[in-house]
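Subject: Structure handed over, with notes

Dear colleague,

I am passing on the structure below, together with an account of what was found in it. Please read the notes with the coordinates open beside them.

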Amino acid sequence: MTPPSIIHLDSVSKTYQTGEFQVHAVRNVSLDIHAGEFVAIMGASGSGKSTMMNMLGCLDRPTSGKFLLDGIDASKLSRNKLAEIRNHKIGFVFQGFNLLARTSALENVELPMLYSRPAIPSSEQHERARKALDMVGLAQRADHHPNQLSGGQQQRVAIARALALTPALLLADEPTGNLDSRTSIEVMGVFQKLNDQGITIVMVTHELDIANYTKRVIVMRDGRVITDTPVANRLSAPEEIEKLEQEQKAIQLTS
Amino acid sequence: MRIFAIGKVAVRALQKNLLRTSLTMLGIIIGVGAVIAMVSIGNGAKSQIEAQIANLGQNNIMVMSGNVRRGGVGMGFGSSGTLTKEDLTSIEKEVIGLVAISPEVRSGAQVAAGNQNLQTSILGVSAEYTEIRSWPIEIGSSFSPQDVKAGNKVAIIGKTTAKQLFGEEDPVGQIIRIKNAPFVVVGQLGGKGMSMMGSDQDDVVMVPWTSAMTRLTGATTFRSLTVQATSGDALTDVQNQISELLRQRHKLQPGQDDDFMVRTQTEISDAATSTSKTMTLLLGAIASVSLLVGGIGIMNIMLVSVTERTREIGIRMAVGAKGSDIMWQFLVEAVFLSVTGGIIGIALGVGISMLLSSKMNWPTLTSSTSIGVAFAFSAAVGIFFGFYPARKAAQLDPIDALRYE
């Protein structure tokens, strides 16, 4: 028996009107992503992957077609309803981290809970935020401000924020785009660990080696899905880090 | 989002830019402070005028003699004496609801006592005049109705006059010379202070009107009479009776203008306070302009703040903030600015008016109404000028806001 669909796209299209031209950003895409999957959406710039991401993240509505998120038809909802869905169904991780400056890591993680209805008492907010920080291994940095954290740590705070309200779907938009290769692998390690715990993750990236940490790769071009394949030689983040460290040791020994 | 959480976020955001926050607030502080100070100056003036009018006596009616036209030019009321002694006695006898009546024969004269002398105003009145004006006699007593009938040379003197002529000495029983006629001082009046026009009311000598007319002015008619009615309710009735009676006595045809004027104290006080009301309004209006400018300052800063924090708005929206959440956040910030500014402004305004009254002796009156209105107005300014920027923030598209650099 297949697990339930978290994302169900039925011939979804998105068209923008720029001046006299119509831009077909996404054309007639049909797709299913099930609970527990770890999917990478790849493509060159202009392939429609960002538009796809915005639609999956309920930041944007498709021009035509049907989009079911965790069983809810999100293609015709109002702005306010979309905000509610973003709040408790989706966790976002961005390329630029998008943390609030001059606000502690803990408070950044609490941010989505400020907007949840029914309201969550502040003691519970603290508790849940601490738990989420613990999951990404940053419990002891809760009082640090973003400018006191490294890029990888900031991204992990952002992941904790995305997890705070236990969403059905974790959406990551180029999560390793601003990070060096070792930190990128660390962040992918966090994602793999979360995925092992049953969290569904969809990630947009243009780096093939990063996509190889996922379980399924969807490649887009000109607004269409051109390939949709499972990852054959899946990389494991802890192993890769191990390899990196050994290589470094070897360099130190030879020099 | 709960109101407490919104408030916390708003205060945080304002704290981050303390200098900007305080400068923006300063606009409202000055505006509210100016309104409070100006209105209390205006109200102070008004209440002073009211007190002075109450000082004139209670339930009084003024009868002034005619508006005489000379060659088509109105000479104004009191320019000519159309009120006769017979008018006086017939009003006294025939008008119902009247307690006392007194003419006012005014004249300026040199008064001397011993080796002191001064120029003062002489007031020829009846024996009841001090009662009509609720003007207490401090030492001695008023002259009697017999003194008035006989035209005796007796006088009551004002406090200032007494001090100038006799120093600390008891003036009762002393002789003063008015235009060289010797008058016996029978009483000294209590202090009444400045009049509305700023002259010293205590610089006065009161003598029986009969004596004043025969010995001092030589006039045969009165320029004005002061009447006291039994109660405030009787004022209009007494006023009408006097008008009727005088028209009859002066043989005026229907349609012909009065050659006298009858005014109740309420009418006089209304006229005087309406002037000060206009002044209060004008001062308040001018001060409100600065409050308006302060409000525009808030709007300006909020617009800048929305633009600066576009990315923050995008993040908040991405994690589930609705348009209304964002709108509340910015609206609360604007209202917090204006209300805090308003409270400080009220303190400033009250402080200024207290300073003015203590250091410069200006009468000021800060009413709780004006404080309440200023507070409500500052909150309204925050809502009004905060609404547009807040709505602008709420209507941002989350995708664009997230991409904003």
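Chain A of this predicted model has a secondary structure that comes to eight helices and ten strands. The radius of gyration of chain A is 19 Å, close to the 18 Å that the globule rule gives for 255 residues, so chain A is as compact as a globular protein of that length. Its C-alpha trace spans about 60 × 50 × 45 Å along the principal axes.

Two sheets of chain A deserve a description. In one of them, six strands form an open sheet in the order 6-7-8-3-9-10, and the pairing is mixed. Strand 6 and strand 10 (224-230) of chain A stand at the edges of this sheet with a single partner strand each, so one side of each is left without a neighbour in the sheet. From one strand to the next, the twist averages 20°. At one end of that order, strand 9 (residues 216-221) of chain A pairs with strand 10 of chain A in the antiparallel sense, over six bridges, and within this pairing I218(A) has D228(A), in strand 10 of chain A, as its bridge partner.

The other sheet of chain A is also open; four strands make it up in the order 2-1-4-5, and the pairing is antiparallel. Its edge strands are strand 2 (21-34) and strand 5 (72-73) of chain A, each of which pairs on one side only. Strand 4 (residues 64-69) of chain A and strand 5 of chain A are joined in the antiparallel sense over two bridges, and here L68(A) stands opposite D73(A) in strand 5 of chain A. Helix 1 (residues 49-56) of chain A packs on this sheet, where it touches strand 1 (5-18), strand 2 and strand 4 of chain A, and its direction makes about 125° with that of strand 1 of chain A.

Two points of backbone geometry in chain A may be worth checking in the model. Most residues other than glycine have a negative phi, and most peptide bonds are trans. R102(A), however, has a positive phi, near 55°, and its place is in the loop between strand 6 (90-93) and helix 3 of chain A.

The C-alpha trace of chain B spans about 105 × 55 × 40 Å along its principal axes. The domain assignment of chain B gives domain 1 (3-52 + 273-403) and domain 2 (83-258), and the centres of these two domains of chain B, taken over C-alpha atoms, are separated by 56 Å.

Within chain B, helix 9 (residues 265-308) and helix 11 (residues 323-359) pack at an angle of about 145°, with their axes 11 Å apart, and the crossing of these two helices of chain B is right-handed. Helix 9 of chain B brings I298(B), M302(B) and V306(B) to the contact, while helix 11 of chain B brings F330(B), A334(B), L337(B) and S338(B). By class, this contact has six nonpolar residues, one polar residue and no charged residues.

Finally, there is the interface between the chains, in which 20 residues of chain A are in contact with 17 residues of chain B. On the side of chain A that touches chain B, the elements that give two or more residues are helix 2 (79-89) and helix 3 (105-114) of chain A, and helix 2 of chain A supplies the largest share, six residues. By class, that side of chain A has nine nonpolar, five polar and six charged residues.

With kind regards

Terms used. Residues numbered from 1 in each chain as written. Chains lettered and ligands numbered in written order. Predicted model: local features only at pLDDT ≥ 70, side-chain atom pairs only at ≥ 80, totals over all residues. Pairing = 2+ DSSP bridges. Contact = placed C-beta atoms within 7 Å. Axes fitted to C-alpha atoms, helices over the stretch in contact; angles between N-to-C directions. Domains from an automatic or database assignment. Nonpolar A, V, L, I, M, F, W, Y, C, P; charged D, E, K, R; others polar. Left-handed = near helix turned anticlockwise from the far one by under 90°. Rg over C-alpha atoms; globule rule 2.2 N^0.38 Å.
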